[in-house]
Amino acid sequence: MDIQTLRAFEDNYIWLLRDGHRVVVVDPGDETPVLQYLADENASLAAILLTHHHGDHTGGVAGLLARHPVPVYGPAGEPIAGITVPLREGDTVDLPGFQIQLRVIDVPGHTRGHIAYYGVTQSQGVLFCGDTLFGCGCGRLFEGTAAQMWASLNKLTALPGDTRAYCAHEYTQSNLRFALALEPGNAALQARAAQVAQLRAGDRPTVPFTLAEELETNPFLRGAQAEVAAAAERHSGARLSGAEEVFAVLREWKNSYR
Ligand code: ZN
Ligand code: FE
């Protein structure tokens, strides 16, 4: 089984799990690139996986189902037309014929019912995290609270450090500017910024990344670091106690950071 990338819209990624000629698609916001891929590769669609209800993740479902009547897995807690297998925390997805079983993790915050999928393939973890964890960043709080998002991110980073995270947007480079402003002295962050600049200059994706890499460089996960906490305190003008409070300040600050 391997995992392939399709691009959609400005900066979305649609992930494909492929085993032989069979393909499972994650968050098809647009059916066009998926249908093109299936035609070019003479491949067949086996299932659709959805992380949350936003249109840039679900907009292609109807168009795919019109030609390929496949099972659609998605969050039980969100109003998404076409879901045939509603999923909750702890459910497992057995993709027939694929060498991977996926476990469902509830990750509310960006939306109320957002889910992520985690599985192990060739002894390495893979995580489809939608708009929850991004390279050096995290999703906006459209429906959930900072406390929910904080708990969700901690569930994801509790997975093995070598897990490769496949998020749904190419936001890493712009997130890095915020991260570097907070932690200019973080050597791992500087190294990542250089690597990301090189990838983007070649129009290559910075996704997937590993969870270990995120823990070393993603400021939203690093509120326990003195430098990050101090920056959040300067910004908020308040004394903050603990990484969760720092997270809440950073999430709010990032919304208006240019
Ligand atoms: Zn979204
Ligand atoms: Fe999105």
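**A walk through a predicted model**

Hi everyone, let's start with E89, which sits in the loop between β6 (85–87) and β7 (92–94); strands here are DSSP runs of E with at least two residues, helices are runs of H or I with at least four, and both are numbered from the N terminus. Please keep in mind that this is a predicted model, where local features need pLDDT of at least 70 and side-chain atom pairs count only at pLDDT 80 or more, while totals for chains, interfaces and linings use all residues. Residues are numbered from 1 along each chain as its sequence is written, chains are lettered from A and ligands numbered from 1 in the order in which they are written, and side-chain values use heavy atoms, with hydrogens and water left out.

Is E89 buried, partly exposed or exposed? Its relative accessible area is 40%, so E89 is partly exposed (buried means under 20%, exposed over 50%, partly exposed in between, with a 1.4 Å probe and protein chains only). Setting aside neighbours within four places in sequence, E89 touches V104, I105, D106 and K155, where contact means heavy atoms within 4.5 Å.

Now to the metals. Which residues hold the zinc ion (ligand 1) as protein donors? They are H52 (NE2), H54 (ND1), H110 (NE2) and D131 (OD), at 2.2 to 2.3 Å. Donors are N, O and S atoms within 2.8 Å of the metal (3.2 Å for Na, K and Ca), and since water is not among the atoms, sites may look incomplete. The four donor atoms subtend angles of 88 to 170 degrees, so the arrangement is irregular.

H52, in the loop between β4 (44–49) and α2 (55–58), and H110, in the loop between β8 (101–106) and β9 (115–121), link distant parts of the chain, 58 residues apart. H52 is buried at 0% relative accessible area, and H110 is buried too, at 4%.

Last stop, helix α1 (residues 31–41). Its buried residues include P33, V34, L35, Y37 and L38. The buried residues of α1 pack against β1 (2–8), β2 (12–19), β3 (22–26), β4 and α3 (61–67). Just after α1, N42 has a positive phi of about 50 degrees.

Note on methods: Tetrahedral: all angles 85-135°; square planar, octahedral: opposite > 155°, others 65-115°.
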